[in-house]
Amino acid sequence: MSASPTALLTEARLDAAARHAGDIWLPEHPYFDAAEPVFERIWPAILPFLEGADFTSVLDLATGRGRNARKLLDHAGRLTLVDIRPENIAFCRRRFGDDPRITYLANNGYDLRAVPDGSITLVYSFDAMVHFDSDVVRAYLAEARRVLAPGGRAFLHHSNWTEGQDWLQAPHCRAFMSRELFAHYARKEGLRVLRQDLMDWGGVPRLDCVSLLARP
């Protein structure tokens, strides 16, 4: 049976939104070089959110050139690196080599269809989902619920900007999203909200939010 017109339109809309946010982040984008050393100062603030998480099987969503993955490897039993850009996945392969703990996955930017149900204990994304369209955010929340094992957690860094629609025109390219809307979407997709903290970014107060979720 073919997909319904509504399903096809939804798929097309998600694909367009994912590409709008993801296509520019090629490995040579200058942001990656600038962000790598700064992340050294940010990581200690992330660790308290991850306390008590199960690192048996970690998924790093929108891994880019792997600056988060480098830190996660100190803790993870297995690590799945996911990115919309095959070029970034290729970069990470060169960076991390044949480490048997790592699985590399180039995806479509809005689902995790290659990841088995209940196979992940921690979904992690930092400094990427802030750019995602709200439809893409909700799609990934639904996928997080699917791929997480019972009791698994998701640590997700997202936008708290609600004053514009185009992320390219917003401060620090933030997409339209709020702490409250994110929590609403998470609950609608069957996830429990454990913690949400607003954070400043680039001199803009309360521009972002970090949310910790759990699969019941």
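Which residues touch the most other members in the largest nonpolar core?

## Basis of the description

This is a predicted model, in which local features need pLDDT of at least 70 and side-chain atom pairs count only at pLDDT 80 or more, while totals for chains, interfaces and linings use all residues. Residues are numbered from 1 along each chain as its sequence is written, and side-chain values use heavy atoms, with hydrogens and water left out.

## Nonpolar cores

Val123 and Leu141 touch the most other members of the largest nonpolar core, which has 32 residues. Such a core is a set of buried Ala, Val, Leu, Ile, Met, Phe, Trp, Tyr and Cys residues joined through side-chain atoms within 4.5 Å; buried means under 20% relative accessible area (1.4 Å probe, protein chains only). Among the elements giving two or more residues to this core are helix H1 (5–22), strand E4 (120–125) and helix H5 (134–147). H5 gives the most, with 7 residues. A second, separate core of 29 residues includes Ile46, Phe55, Phe96 and Phe155.

Leaving aside residues up to four places away in sequence, Val123 touches Leu59, Ala144, Val147, Leu148, Arg153, Ala154, Phe155 and Leu156; a contact means heavy atoms within 4.5 Å.

## Overall fold

The protein has 6 helices and 7 strands, taken as DSSP runs (H or I, at least four residues, for helices; E, at least two, for strands) and numbered from the N terminus. Their order along the sequence is α-α-β-α-β-α-β-β-α-β-α-β-β.

Of the 216 residues of the protein, 51% count as buried. Along its principal axes, the C-alpha trace spans about 45 × 45 × 35 Å.

Key. Buried < 20%, exposed > 50% of the residue type's maximum accessible area, 1.4 Å probe, protein only.
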